[in-house]
Amino acid sequence: MTQTPIKTTKGRTFTNLVSKEGGVKYPLEALNVCEETFSPLEVAYDYDEIRRQVSRESIAAGPNSIWRYKAFLPVESDNPIDVGTGMTPLVKSNRLARRLGLKNLYIKNDAVNMPTLSFKDRVVSVALTRARELGFSTVSCASTGNLANSTAAIAAHAGMDCCVFIPADLEAGKVMGTLIYNPTVMAVKGNYDQVNRLCSEVGNSYGWGFVNINLRPYYSEGSKTLGYEVAEQLGWELPDHIVAPLASGSLFTKIYKGFNEFVKVGLVDDKPVRFSGAQAEGCSPIAQAFKEGRDFVTPVKPNTIAKSIAIGNPADGFYALEVARKTNGNIESVTDAEIIEGMKLLAETEGIFTETAGGTTIAVLKKLVEAGKINPDEKTVVYITGNGLKTQEAVQGYIGEPLTIDPKLESFEHALERSRTLERLDWQQASV
Ligand SMILES: Cc1ncc(COP(=O)(O)O)c(C=O)c1O
């Protein structure tokens, strides 16, 4: 199952794994939990070495992908797997901002990330590069959909064997968006948390590289690039407030780590950044803990259309709560109806078709603004992490239909007149 590991290159910037609690050190292997403290393991870096290696100029002259930040990522190879992941647009919002009453809103659009249209391409590019370095030839994951898409696609590109595990009830677009790369797909009759538990058992006995289990310390570091890119795209400056979706909570905590690392090595000035998180009401264990002032997360059974963020027992929930609280942010949840409205609002105002996770984030952004929890002047970045073409079921029946006409001018004119009359009636009814 394993290949010969690739050996160390000089100037390596990452030094060891370390437990988040107690600081117990571990070697740079495929490990994810501390045997003494049972806390997750993280990658530790030599920041003096990073400071020596990078400058704003050297980063800007790097590849147009996440690998321009290679010094901050836990890979040694001079040839990381680069499928053009990252450097997605940071869009200054005009129409959505005006609709919400915000003056300084930006949208980080990972709905167009490469190759599979979600932020997961970032974490998987890092995880599979590291998997190759550690000698794994078979890679795997427990996924809510997007991760399976990314793992299958990038494994295909890298010529690695791939077996992914998903809940059996995922959206058709997510399943097809995995099968096309021809991995082995296990559709498990259960929810994500059951899939994850099964994968932990498989991982122990098959010697595979599970990107979000035994390779999790490396994989999760890929999300830091969502922090670096925003800072660079804002002109080497941090925003005042970010809003991002929460499933396991990893993405949220890694954006925080990314901003702090840029401050630590002197690439940006330090300033307070508020971190606000978004969950679907049908799976909101972190939002519930936040609202109730708890520092522990009570697992829930997911029941929401936002399947990609439906993790009932979030691995990094505790740390996400910590980040939101210490930065004076919030964690909110919204109903499925609000998620659909959020998807429509972003599409109609900005021309961005996001999936349910993005609908959740936009709906939470709106809710926080209405509650006075986001100041209109704050430079706010909202993270759109996935593409709506993969979750078309969610909006079916909630959007308009095409006007079917004959291939004749009069048929077109008749249909146009009818639709304008209907629009006028709608408008009159709305203003009564
Ligand atoms: C589109 C999308 N956004 C956000 C997330 C949340 O990621 P995390 O588990 O790092 O919180 C996921 C997780 O699968 C996702 O698919």
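A residue counts as near a molecule if one of its heavy atoms lies within 4 Å of it. In this predicted model, 16 residues surround the ligand, and the closest are Asn146, Ala247, Ser248, Leu251 and Thr385. Local features need pLDDT of at least 70 and side-chain atom pairs pLDDT 80 or more, while totals for chains, interfaces and linings use all residues. Numbering runs from 1 along each chain as its sequence is written, and side-chain values use heavy atoms, without hydrogens or water.

**Around the ligand**
- Polar contacts (pairs of N or O atoms within 3.5 Å) include one between a ligand oxygen and the side chain of Thr144, at 3.2 Å.
- From the backbone, an N or O atom of Ala247 is 2.9 Å from a ligand oxygen, and a polar atom of Gly249 is 2.9 Å from a ligand oxygen.
- The protein buries 97% of the 390 Å² that the ligand exposes when taken alone (Shrake-Rupley method, 1.4 Å probe).

**The cavity**
- The ligand takes up the space of the largest cavity, with more than half of its atoms within 2 Å of the grid points.
- A cavity is a set of points on a 1 Å grid over the protein atoms alone where a 1.4 Å probe fits but cannot get out, and lining residues have an atom within 4 Å of a point.
- About 340 Å³ of space lies in the largest cavity, a volume filled by probe spheres set on the points.
- Its lining has 28 residues, with Phe119, Lys120, Ala247, Ser248 and Ser308 closest to the centre.

Terms used. Polar contact = N/O pair within 3.5 Å; in protein donor to acceptor, adjacent residues only side chain to side chain. 1 Å grid on protein atoms, 1.4 Å probe; cavity = no way out; pocket = protein on both sides within 12 Å on 5 of 7 lines; lining within 4 Å.
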